[in-house]
Amino acid sequence: MGKRLITFRDGRQVCPLGQGTYQMGRRRSEEIKALRRGIDLGLTVIDTAEMYGTEELVGEAVRGSRDKAFIVSKVLPGNASYEGTKRACERSLRRLGTDYIDLYLLHWIGSYPFAETVRAMVELQQEGKILQWGMSNLDVADMEHILSLPHGRECAANQVLYNLKERGIEYDLVPWSERHAIPIMAYTPLGEGRLRNHRTLLGIANRHNATPTQIMLSWTMRTSNVITIPKAGSIAHVEENAHSLDVVLTEEDLKEIDAAFPAPVRKIPLAGW
């Protein structure tokens, strides 16, 4: 597999290809085996959230290999007051069956001031219950606000929607995040699978002896600041995803992709939650 790594501001490094768990739980045994296979392949970032109902599944999947896994979870905006964030984190820790969460995010913007949520996250970090904290579904202006808060520049990541059909973040959020050394986590990188039969992707995949899924994932990882987190509910799907790390897109490939899925030429409101 490829050896590209994403480095967080605390020095921790992870593979740019992780594993999502949104809408998992219907085939629990198979999904746990898939997550474990992913860890074996180096896909150590596992993304969950209190909203997903998959924290217990993730906890079971990493049992016996917790030191290898990089667990990401999220607090719901309705729970993101100062006290509420702390209580939500404690509940997540119990469901995960772990003493710490590697990266804890605010799931999306709610009614509580960012300052309350950030203060709670900083304290959780100081207590060792989370190792890093960050945001999700925040655009540039809100990320600037986060950085203006006490300890705000410790923000470690921003998780947003990003795929071939949703490229709006490339206009300003991607370059802003690169300048501030804040990795982006791309959720729904396959666009819920609707693009697998697209003619352009099929042609590029054929040239690389790959699949359209692998082309899409390689595309999201083409820069040095993006972690992509596709869901994979089976071992076969995880192994297919993992081989995207071996795909290196050429300039010709990227030009064809841009022609089929144009990059933004103006500011586009952030898509997602």
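Residues are numbered from 1 along each chain as its sequence is written, and side-chain values use heavy atoms, with hydrogens and water left out. In this predicted model, local features need pLDDT of at least 70 and side-chain atom pairs count only at pLDDT 80 or more, while totals for chains, interfaces and linings use all residues.

User: Happy to start with strands: which residue of β9 is the bridge partner of Gln-159?

Analyst: Strands here are DSSP runs of E with at least two residues, helices are runs of H or I with at least four, and both are numbered from the N terminus. Two strands pair if DSSP finds at least two bridges between them. Strands β8 (residues 158-161) and β9 run parallel and are joined by four bridges. The partner of Gln-159 in β9 is Met-185.

User: And which residue of β10 is the bridge partner of Met-185?

Analyst: Good follow-up! β9 also pairs with β10 (residues 226-228), in the parallel sense over three bridges. There, the partner of Met-185 is Ile-227.

User: Are the faces of β9 buried or exposed?

Analyst: Buried means under 20% relative accessible area, exposed over 50%, and partly exposed in between (1.4 Å probe, protein chains only). On one side of β9 (residues 184-187) sit Ile-184 and Ala-186, on the other Met-185 and Tyr-187, and all are buried.

User: How many disulfides are found in the whole structure?

Analyst: A disulfide is a pair of cysteine sulfur atoms within 2.5 Å. The sulfur of Cys-155 is too far for a bond, because the closest cysteine sulfur, in Cys-89, is 16 Å away. The search of the whole structure gives zero.
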